[in-house]
Amino acid sequence: RAIGGKEMRSKNMLEPLLAVAIALGIGFVAQSQAQAPAADGGTDVAALRAEIERLERLVPGQSVAMTQVAYNFTNLWFAAHAGNWPLAQFYFGDTRGRLRWALRITPKRKISTGEVELAPILDGLEKNQLTKLGETIASKDIAQFEAAYRATLEGCHGCHAASEKPYLELQVPSAPAEPLIQFTPH
């Protein structure tokens, strides 16, 4: 027997904890078995469909990614005009990343004649206008940057038109998307 009954109290405290641990373990095993494939190699198709539908509801629409594209592309203009080329490169990289994200969300657009594949359009934009824009950022030439930026806007509008959304006409921004950012270089 322990001093002051500590052994007895420890035993009394451990028994409920042990019971909870056993119950949780049994529950975990039951849940795992419910999610596991059936013995004949099949799966619970209804449960998989329900999970897919749940996950699809969590994915944002392409417009969320395109809002991020617009945010970064707008700030790119102001970073370049402030002569903050590292910040311009940052926004350029984020613009490209968000375009790829938008494509993962919606790889095809339904249009009146069927569907339009967006990957070839983005590939063309990346190989042409975006490559040229990246080169102008690297060369730090504001006049060439402006021309490449405008050409990229036109390329983007080409995708909007192909997706039967010509009303999404782009323009050179008049104000930064983020007033919190200091655009002038340090």
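A pocket is an open set of grid points with protein on both sides within 12 Å along at least five of seven lines, and its lining residues have an atom within 4 Å of a point. In this predicted model, the largest pocket is lined by 29 residues. Of these, M66, V69, C156, H160 and L170 lie nearest the centre of the pocket. The space in the largest pocket comes to about 720 Å³. Helices α3, α4 (85-105), α5 and α6 each contribute at least two residues to the lining. Helix α3 provides the largest share, with seven residues. By class, the lining consists of 19 nonpolar, eight polar and two charged residues.

The chain as a whole contains six helices and two strands. Along the sequence these elements follow the pattern α-α-α-α-β-β-α-α. Of the 186 residues of the chain, 26% count as buried. Among contacts with a separation of 6 or more, 65% are between residues 24 or more positions apart.

The average pLDDT is 85, and 77% of the residues score at least 70. The lowest confidence is found in helix α1 (residues 6-35), with a mean of 48, and the highest in helix α5 (residues 119-139), at 98. Over residues 1-14, pLDDT stays under 50, and the model has two contacts beyond four places in sequence for this stretch. Where pLDDT is low, the predicted coordinates should not be read in detail.

Aromatic side chains were examined next. A pair of aromatic rings is described by the distance of the centres and the angle of the planes. The count in this model is eight aromatic pairs. In one of them, the rings of W77 and Y149 have their centres 4.8 Å apart and their planes at 55 degrees, so the pair is tilted. This pair connects distant parts of the chain, since W77 belongs to helix α3 (residues 62-81) and Y149 to helix α6 (residues 142-162), 72 residues apart. Both W77 and Y149 are buried. An edge-to-face pair is formed by F90 and Y91, with 5.2 Å from centre to centre and 65 degrees between the planes. F90 is partly exposed, because its relative accessible area of 44% falls between the limits of 20% and 50%. Y91 has a relative accessible area of 3% and is therefore buried. W77 and Y149 also belong to one aromatic cluster, together with F73, W85 and F145.

With its neighbours within four places in sequence left aside, S163 is in contact with R109, I111, V116 and L118.

Notes
Residues numbered from 1 in each chain as written. Predicted model: local features only at pLDDT ≥ 70, side-chain atom pairs only at ≥ 80, totals over all residues. Heavy atoms only, no water. pLDDT = per-residue confidence, 0-100. Helix = DSSP H or I, 4+ residues; strand = E, 2+ residues; numbered from the N terminus. Contact = heavy atoms within 4.5 Å. Phe/Tyr/Trp six-rings, centres within 6.5 Å; stacked < 30°, edge-to-face > 60°. Buried < 20%, exposed > 50% of the residue type's maximum accessible area, 1.4 Å probe, protein only. 1 Å grid on protein atoms, 1.4 Å probe; cavity = no way out; pocket = protein on both sides within 12 Å on 5 of 7 lines; lining within 4 Å. Points joined across faces, edges and corners; volume = space filled by probe spheres on them. Nonpolar A, V, L, I, M, F, W, Y, C, P; charged D, E, K, R; others polar.
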